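Welcome, and please load the model in your viewer. We will go from stop to stop, with something to select at each one.

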Amino acid sequence: METLFCYCCRTHHPKDQMRLFPTRQGMRWRCIRSIEAAERSRSERDAFGRQQTDINRSASRAAAEYVHLRHRMHLVPG
Ligand SMILES: [Zn+2]
């Protein structure tokens with residue numbers, strides 16, 4: 001079976017598991033598994049970032065409502 005050197009895993013994989021992948025050094029052979037793993041971790045990071053944005057947004061809204069409430073109850077001057 002023909003194998004190619006995977007620059008990502010630094011080992012040889014069967015050619016049918018390999019894809020040409022653009023790197024700073026040019027096109028290099030890389031296995032589909034490592035490409036998909038990188039794609040997955042990137043989309044998980046994106047999802048995590050969106051989640052953090054939502055948390056921050058609701059936290060700042062809650063803080064704003066708290067200040068408004070304190071004003072209404074005359075707990076703070078002004
Ligand atoms: Zn690999």
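This is a predicted model: local features need pLDDT of at least 70, side-chain atom pairs count only at pLDDT 80 or more; totals for chains, interfaces and linings use all residues.

Residues are numbered from 1 along each chain as its sequence is written.

**Stop 1: the whole chain**

Show everything as a cartoon. The protein has 1 helix and 4 strands, in the order β-β-β-β-α along the sequence. Its C-alpha atoms fill a box of roughly 80 × 20 × 15 Å along the principal axes. The radius of gyration, taken over C-alpha atoms, is 25 Å. A compact globule of 78 residues would come out near 12 Å, by a rule of 2.2 Å times the number of residues to the power 0.38.

**Stop 2: residues 32-72**

Now select helix α1, which has 41 residues. From first to last C-alpha it reaches 60 Å, close to the 60 Å expected at 1.5 Å a residue (that is, 1.5 Å times one less than the number of residues). How many of the residues of α1 are buried? The number is 0, so α1 lies largely in the open. Here a residue is buried if 20 or more other C-beta atoms lie within 10 Å of its own, exposed if 12 or fewer, and partly exposed in between, with C-beta atoms placed from the backbone. Across the 78 residues of the protein, 6% count as buried. Just after α1, click on His74, which takes a positive phi of about 60 degrees.

**Stop 3: Cys6**

Next, select Cys6 in strand β1 (residues 3-6). Cys6 is buried, because 21 other C-beta atoms lie within 10 Å. Contacts are pairs of residues whose C-beta atoms, placed from the backbone, lie within 7 Å. Leaving out residues up to four places away in sequence, Cys6 touches Thr11, His12, His13, Met18, Trp29, Arg30, Cys31 and Ser34.

**Stop 4: Gln17**

Finally, select Gln17 in the loop between β2 (11-14) and β3 (18-23). Is Gln17 buried or partly exposed? It counts as partly exposed because it has 15 C-beta neighbours inside 10 Å. Beyond its neighbours within four places in sequence, Gln17 is in contact with Cys31, Ile32 and Arg33. From Cys6 to Gln17, 11 residues apart in sequence, the C-alpha to C-alpha distance is 9.9 Å.

Technical notes:
Helices (H or I, at least four residues) and strands (E, at least two) are DSSP runs, numbered from the N terminus. Two residues are in contact if their C-beta atoms, placed from the backbone, lie within 7 Å.
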